[in-house]
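This report describes the fold of a single protein chain. The sequence and the coordinates are shown first.

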Amino acid sequence: MSRKKKKTPSESLAIMTELVLPNDTNTLNNLMGGKLLHWMDVASAIAAQRHSNRIVVTASVDNVSFSAPIALGNVVTLTAKVTRSFNSSMEVFIDVSAEDIPGGKKISSNQAFYTFVAVDQGGSPIDVPEVIPETDDEKEMYAGALRRRQLRLVLAKKMNPKDATELKSIFEND
């Protein structure tokens with residue numbers, strides 16, 4: 001039996017930068033939400049591929065709220081890294097910021113958790129390396145990942161709430 005490989009979150013770090021061009025915007029000259037979700041999926045997938053060294057497929061995306069519009073001409077920076085892995089799945093945290101360089105303003109726009117599954121050439125799930133968090137932030141993200149995973153599985157009806165041990169206090173009526 002081989003021992004499972006281990007990697008740190010920083011080994012999966014993916015930073016993607018995009019310039020909001022006219023073709024990326026809606027009629028208000030703000031970045032279209034679908035375009036941003038596409039960029040978020042790409043950056044997160046790169047982080048998951050770096051962690052697993054495999055082809056990955058998107059399994060889920062947690063709630064994404066658009067806190068502030070991103071304007072035409074802004075520079076968008078997407079920063080993603082794996083927070084925790086399970087058997088074949090990986091949770092990836094992505095942070096999005098937008099910068100108006102001439103105006104000297106930078107805003108935090110979005111944050112989300114994506115889940116990816118590593119697959120082999122035939123499309124079957126395959127084991128991924130374990131995540132070893134190093135920083136305090138990475139340790140906090142790692143610790144909360146099991147709760148977030150169980151919540152995703154319960155909401156997708158892939159897990160009985162009674163079996164979600166990390167969420168027990170939410171679902172108990174006592």
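The text below moves from the chain as a whole to its sheet, its helices and a few individual residues.

**Overall architecture**

The model is predicted. Three helices and seven strands make up the secondary structure of the chain. Read from the N terminus, these elements follow the order β-β-α-β-β-β-β-β-α-α. Along the principal axes, the C-alpha atoms occupy a box of roughly 55 × 45 × 35 Å. The chain has 174 residues, and 39% of them are buried. Its accessible surface amounts to about 10200 Å², and carbon and sulfur atoms contribute 51% of that area. Among contacts with a separation of 6 or more, 68% link residues 24 or more positions apart.

**The sheet**

Five strands form an open sheet in the order β2-β4-β5-β6-β3, and their pairing is antiparallel. The edges are formed by β2 (14–19) and β3 (55–61), each of which pairs on one side only. From one strand to the next, the twist averages 30 degrees. Strands of a sheet pair through backbone hydrogen bonds, in either a parallel or an antiparallel sense.

| Strand pair | Sense | Bridges | Example of facing residues |
|---|---|---|---|
| β4 and β5 | antiparallel | ten bridges | L78 and V96 |
| β5 and β6 | antiparallel | twelve bridges | D95 and Q111 |
| β3 and β6 | antiparallel | six bridges | T58 and F116 |

Strand β5 is mostly covered, with nine of its twelve residues buried. Because its relative accessibility is 0%, M90 counts as buried, the cut-off being under 20%. M90 and N23 are 67 residues apart along the chain, and their C-alpha atoms are separated by 32 Å.

**Helices against the sheet**

Two helices lie across strands of the sheet. Helix α1 (residues 33–52) lies across β2, β3, β4 (75–85), β5 (89–100) and β6. Its direction makes an angle of about 40 degrees with β4. Helix α2 (residues 136–155) lies across β3, β4, β5 and β6, and runs at about 80 degrees to β4.

After α2 comes K157, whose phi is positive, near 60 degrees.

**Positive phi in the loops**

Most residues other than glycine have a negative phi. Two asparagines in loops have positive values. N29 has a phi near 65 degrees and is placed in the loop between β2 and α1. N53 has a phi near 55 degrees and is placed in the loop between α1 and β3.

Are these residues buried or exposed? The relative accessibility of N29 is 42%, so N29 counts as partly exposed. The value for N53 is 57%, and N53 therefore counts as exposed, since the cut-off is over 50%.

**Summary**

The predicted model contains an open five-stranded sheet with antiparallel pairing.

Conventions: Residues numbered from 1 in each chain as written. Predicted model: local features only at pLDDT ≥ 70, side-chain atom pairs only at ≥ 80, totals over all residues. Heavy atoms only, no water. Pairing = 2+ DSSP bridges. Helix = DSSP H or I, 4+ residues; strand = E, 2+ residues; numbered from the N terminus. Axes fitted to C-alpha atoms, helices over the stretch in contact; angles between N-to-C directions. Contact = heavy atoms within 4.5 Å. Buried < 20%, exposed > 50% of the residue type's maximum accessible area, 1.4 Å probe, protein only. Areas by Shrake-Rupley, 256 points an atom, 1.4 Å probe, with all protein chains shown as cover.
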